[in-house]
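Here is a briefing on one protein model. Keep the sequence and the 3D view open while reading.

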Amino acid sequence: MVAIRALKASALVCKAWHGPATESLYTHVVIRRMGQIPALARTVALSVNLESQNRVTGLHRHIKRIQLHECLILRACADAICGDLGFILEQCASLEALVVRTHLSFFPMNPDLEQWMIPHGAFGETAWSNFPGAWFLDPTGPVGVHYAIEARCLSGLRTLDLAFLNEPPFRPWIPQLHHYLSLQTSLTTLRLTGPHLDMHAPFPTDPLVLPHLADLAIDVHDATFWHEYVCRAWSLPALARLRLPTPFFPAAVAAALAALTCARVFAPSSPCTPA
C-alpha cells in the first residue's frame with residue numbers, strides 16, 4: 001500500500017513525472033471490489049479513444065498484470081461485469097499475467113440450479129457471489145471473455161493462474177483449457193485450482209506442446225487426469241517446477257510425468273496453494 005500511495009503521489013508532482021508514474025501505477029492492477037471493474041473499463045475505453053486520436057499512448061498498453069482478488073459480484077450486475085471484464089482483457093494487449101482468486105467463504109453461481117448459494121450478507125442471502133469458473137473455462141460460457149483470453153494467449157501471456165474455490169460442478173472445462181494452451185506462445189507459468197472434473201467426458205487427445213512452460217501446478221486430485229491426459233498429450237521440454245495435489249500421489253504417475261521434463265528433482269510435493 002505504501003508503494004501504491006507513493007506512485008499516486010509521484011503522478012501529481014509535476015507534468016514531467018505524471019507520465020512515467022502513471023505508467024508504473026497501471027502496470028499491476030489488483031481488483032478487489034466489483035465497482036473497480038466498470039471503473040477500469042471506462043478508463044481503458046477513454047485510453048483507447050485518446051490513442052485512436054494520436055494524442056497519447058494508451059494506458060491500457062502499460063497493464064502487464066491483472067489480478068482479481070476475492071472480488072465478489074452482485075447477481076443483478078453479473079452480465080454487465082462480465083462484459084466489462086471481457087472488454088478489459090481484450091484491450092490490454094500487453095498483458096503478461098492473469099490471476100483470479102475467488103473468495104473461500106462464498107460460492108459462485110450454479111448454472112444448473114440458476115441460483116447463487118452464499119452465506120448471509122447485507123444485500124440478502126442470494127445477492128453476492130464469486131466469479132463463476134464457467135466464465136473462464138466452460139465452453140458454453142461468455143464469448144467475450146473467452147475471445148479475450150484467446151487473444152492474450154496469442155499476444156504473449158506468460159502467467160495464467162486461476163483459483164476457483166467452492167466451485168460447483170459445471171460442464172467440462174478441460175477442452176477449453178486445452179484450447180487456450182494450444183494458442184499460447186509465451187506461457188511460462190500455469191496454475192489451476194478448484195474446478196471439478198467431469199469424469200464422463202473424454203480427455204483431449206491432440207498433442208499439446210508447451211515449449212516455455214517452467215512452472216506447473218494443477219490441483220486435480222484424480223490420477224486419471226494426469227496419467228490419461230497430461231502424460232499422453234502434453235510435451236513439457238522446459239518444465240522446471242511441478243506441484244502435485246497430494247504427497248501420496250501414485251509413484252507410477254509421478255514417474256510418467258518425469259518423462260515429460262528434464263527437471264533434476266521431480267517428486268510429489270505439498271498440496272497446491274496460491275502463491
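The points below cover aromatic pairs, cysteines, a helix pairing and selected residues.

The model is predicted. It holds two aromatic pairs. F203, Y229 and W234 make up one aromatic cluster. A search of the whole structure finds zero disulfides. Helices α3 and α4 pack with their axes 9 Å apart.

**Aromatic cluster**

- The pair of F203 and Y229 is stacked. Its ring centres are 5.8 Å apart, with 10° between the planes.
- The planes count as stacked because 10° falls under the 30 degrees cut-off.
- F203 sits in the loop between β9 (189-193) and β10 (208-209), and Y229 in helix α8 (residues 223-233), so this pair ties together parts that are 26 residues apart in sequence.
- Y229 also pairs with W234, this time edge-to-face. Here the centres are 5.6 Å apart, with 80° between the planes.
- That angle of 80° is over 60 degrees, so the pair counts as edge-to-face.
- F203 and Y229 are both buried. Y229 has 0% relative accessibility, so it counts as buried.
- W234 is buried too, with a relative accessible area of 3%.

**Surroundings of Y229**

- Y229 belongs to helix α8.
- Leaving aside neighbours within four places in sequence, Y229 is in contact with I174, H178, F203, P204, L208, T224 and W234.
- P204 is 25 residues from Y229 in sequence. Their C-alpha atoms are 7.1 Å apart in space.

**Cysteines**

- No disulfides turn up: the search of the whole structure finds zero.
- C153 is buried, at a relative accessible area of 4%.
- C231 has 17% relative accessibility and counts as buried. That value is under the 20% cut-off, so the label is buried.

**Packing of α3 and α4**

- Helix α3 covers residues 36-52 and helix α4 covers residues 78-91. They pack at an angle of about 40°, with their axes 9 Å apart.
- That angle makes α3 oblique to α4.
- The crossing of α3 and α4 is left-handed.
- From α3, the contact is made by I37, P38, L40, A41, V44, A45 and V48.
- From α4, the contact is made by I81, D84, L85, F87, I88 and Q91.

**T189 and R158**

- T189 is in strand β9. T189 is buried, with a relative accessible area of 12%.
- Not counting residues up to four places away in sequence, T189 touches R158, T159, L160, L213 and D215.
- R158 lies in the loop between α6 (143-155) and β8 (159-163).
- R158 is partly exposed, with a relative accessible area of 38%. T189, by contrast, is buried.
- Leaving aside neighbours within four places in sequence, R158 is in contact with E96, S186, L187, T188 and T189.
- R158 and L98 are 60 residues apart along the chain. Their C-alpha atoms are separated by 8.6 Å.

Methods: Residues numbered from 1 in each chain as written. Predicted model: local features only at pLDDT ≥ 70, side-chain atom pairs only at ≥ 80, totals over all residues. Heavy atoms only, no water. Phe/Tyr/Trp six-rings, centres within 6.5 Å; stacked < 30°, edge-to-face > 60°. Helix = DSSP H or I, 4+ residues; strand = E, 2+ residues; numbered from the N terminus. Buried < 20%, exposed > 50% of the residue type's maximum accessible area, 1.4 Å probe, protein only. Disulfide = S-S within 2.5 Å. Axes fitted to C-alpha atoms, helices over the stretch in contact; angles between N-to-C directions. Parallel < 35°, antiparallel > 145°, perpendicular 65-115°, else oblique. Left-handed = near helix turned anticlockwise from the far one by under 90°. Contact = heavy atoms within 4.5 Å.
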